Amino acid sequence: MQAFIVRRLLALAPTLIFASLIVFVSMRLIPGDVIDLMLAQNDVSGGQDRAAIEAALGLDQPLYAQYFRWLGAALQGDLGRSLWRNTPVVEQLAETLPITFELGLLALVVALSVALPVGVHSAMRQDSLGDYAARSFSLLMLAMPSFWLGTLVMVFPSVWWRWSPPLEYTPFFEHPLRNLAHMIVPAALLGLSLSAVTMRMVRTTMLEVLRQDYIRTARAKGLSETLVVVRHALRNGLIPVVTLIGLQAPLLIGGAVILEQIFVVPGMGLLLLEAVFQRDYPVISGVFLVVGVGVLLINFLVDLSYGWLDPKVRHQ
Amino acid sequence: MSGPGGAAALRPGAAAVAFNLRLLRSKPLGAFGGVVFLAFLLCGAFAEVLAPYGANATDLALRLQGPSAAHPFGTDHLGRDLLSRVLLGAQLSMLVGASAAALATLISVALGVASGYFGGRIDMLIQRFVDAWMLFPDLLLLIAVISVVGPGMVQISIVLGLLYGIAGSRIVRGAVLSLRENMHVEAARSLGAGAGHIVVRHILPNIMPVLIVLFTTRVGAAILTEAGLSFLGLGVPPPAPTWGGMLSGPGRTYLYLGPWLALAPGLCLTLVVYAVNVYGDALRDLLDPRMRGVG
């Protein structure tokens with residue numbers, strides 16, 4: 001298992017290098033006039049002039065030197081300072097990342113607790129009314145944009161019953177219940193759209209697995225249907241589902257940006273939007289780096305979970 | 001791969017008709033999706049004719065009116081007719097969706113063929129780049145690029161085309177990889193055909209089914225992402241009547257006074273994306289069963 005982990009870690013290196021290049025180049029895309037715009041817009045009263053900003057962004061050096069300087073600093077945890085608030089970007093990320101992480105985790109819990117039972121049920125009773133309803137629901141959820149659902153949840157309860165979801169953020173460790181009351185609505189919306197794809201995948205793989213010979217053997221042994229499904233079918237059926245969740249990680253983060261905006265969750269998405277409107281490029285690239293590394297880590301964990309779910313993989 | 005033959009032996013027009021009849025018979029839901037999508041396309045194409053009022057014709061005396069005979073979808077906080085705005089919004093969505101998907105397909109073909117056909121070191125480099133690119137959520141990349149180049153329909157279509165093009169190149173690469181080893185490609189190569197000839201005459205015609213499905217699904221994805229971007233205030237700038245923009249910006253506070261304003265844009269968006277998705281699924285099942293569950 002250790003050799004397996006090391007091999008997978010090494011395979012990440014080229015991807016990571018390309019990812020850092022993408023973040024770096026996107027920073028370099030900033031055209032010169034944007035610096036003027038930044039100067040005009042942000043009204044840096046500390047007397048920062050063009051040269052100072054260029055130096056702060058490292059634009060006064062050759063490209064490759066800039067890249068290595070930036071990468072070296074990033075590896076030491078220095079992502080520069082926000083042009084707007086003049087605080088270290090790392091500090092802002094440390095504040096907002098756990099909030100987005102909580103939102104994503106809650107959404108994942110919602111998605112799995114909907115997708116697994118419904119998908120399994122759909123596969124066991126293929127072409128029944130329930131299967132049909134589940135499939136229609138998942139097709140509908142795939143088409144329905146989360147920002148529209150979020151808007152409906154905000155507007156209609158307030159018009160009909162004078163109730164609207166709470167919008168005040170409370171840190172989890174200060175008051176867990178109040179925190180969850182706020183986070184659960186955006187998390188549920190995010191989770192539902194994720195569950196649509198996942199449910200389809202669970203259904204398809206379970207349909208395939210349930211037709212295998214070893215399932216017939218398990219049934220012939222006289223095992224109860226629950227045991228056959230949970231112990232024998234689901235474990236193999238889960239492998240593609242886990243892959244899918246890894247692939248959906250970027251989508252989950254993208255959705256979080258929109259839902260954080262609607263429900264005023266002060267996470268990384270809201271930080272990014274704020275930074276975009278203020279053209280605070282160090283913050284933007286910081287968010288990107290964290291997201292890129294985060295998704296890479298999730299995919300790494302997904303890879304590792306294969307080894308656990310399917311011992312064959314370990315020895316390849 | 002079925003290769004040329006079958007329906008392709010007919011004239012192209014007749015083949016398309018025959019294909020769609022087959023679709024109607026075996027996949028009624030998919031055919032329904034196709035019809036709905038076509039209806040939205042026509043609405044978009046003739047939006048100026050169909051819309052009873054201008055998209056930005058304000059009439060403050062008629063602010064926030066509920067649905068009525070004169071204004072079937074009601075009016076917004078500036079007294080603009082919502083039906084007209086939704087129709088012209090369809091035009092915008094369709095334009096962005098179709099142009100982004102077309103560009104995406106071109107990029108997917110270029111990268112996918114380069115990677116799949118030539119293989120080797122080029123393939124290695126391209127694939128690691130695609131890996132890295134796919135780490136970043138579409139919406140985030142879009143937000144970042146728009147923050148640099150500024151919002152606008154052309155920029156959004158180009159960036160969306162790039163995004164989906166790079167991601168979709170994986171699927172094209174897979175198709176090309178399996179084709180490359182096919183007998184008819186081998187035969188062409190042994191007759192001394194150059195790479196360009198093989199790609200144009202033997203590879204591209206055979207990956208058409210994959211490309212058609214890829215194009216269709218990307219139209220829906222592009223429409224949805226553009227709407228999300230407009231909702232965040234980074235899409236085509238107001239007063240352009242985007243479906244996403246109608247639910248955000250200054251109009252958002254008025255949704256509580258006129259809840260009907262929240263319905264039409266979202267419903268249209270859901271309906272058109274649903275239609276594209278079921279149509280794309282049906283196409284995939286008929287054209288290329290191997291692509292099930294991809295993209």
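Helices here are DSSP runs of H or I with at least four residues, strands are runs of E with at least two, and both are numbered from the N terminus. With that settled, I looked up Ser138(A) and found it in helix H6 of chain A, residues 129-143.

A note on the ground rules: this is a predicted model, where local features need pLDDT of at least 70, side-chain atom pairs count only at pLDDT 80 or more, and totals for chains, interfaces and linings use all residues. Residues are numbered from 1 along each chain as its sequence is written, chains are lettered from A and ligands numbered from 1 in the order in which they are written, and side-chain values use heavy atoms, with hydrogens and water left out.

**Ser138(A).** Is this serine buried or exposed? Ser138(A) has a relative accessible area of 1%, so I noted it as buried (under 20% relative accessible area; exposed is over 50%, partly exposed in between, with a 1.4 Å probe and protein chains only). I then asked which residues Ser138(A) is in contact with, leaving aside neighbours within four places in sequence. They are Ala196(A), Met199(A) and Arg200(A), contact being heavy atoms within 4.5 Å.

**Chain B.** I counted 10 helices and 0 strands in chain B. Its C-alpha trace spans about 75 × 45 × 30 Å along the principal axes. Of the 295 residues in chain B, 53% are buried. I also checked contacts between residues at least 6 apart in sequence: in chain B, 73% of these join residues at least 24 apart.

**Cysteines.** My search of the whole structure gave 0 disulfides over all chains (a disulfide being a pair of cysteine sulfur atoms within 2.5 Å). Cys43(B) is partly exposed, because its relative accessibility is 25%, whereas Cys268(B), at 13%, counts as buried.

Interface size is often given as the accessible area lost when the parts come together. I found that chain A and chain B bury about 3,900 Å² between them, with 81% of it on carbon and sulfur atoms; buried area is the accessible area (1.4 Å probe) that two parts lose on being put together, summed over both. On the chain A side, Phe147(A), Trp148(A) and Phe288(A) lose the most area to chain B, together 16% of what that side buries. The contact takes 46 residues from chain A and 42 residues from chain B.
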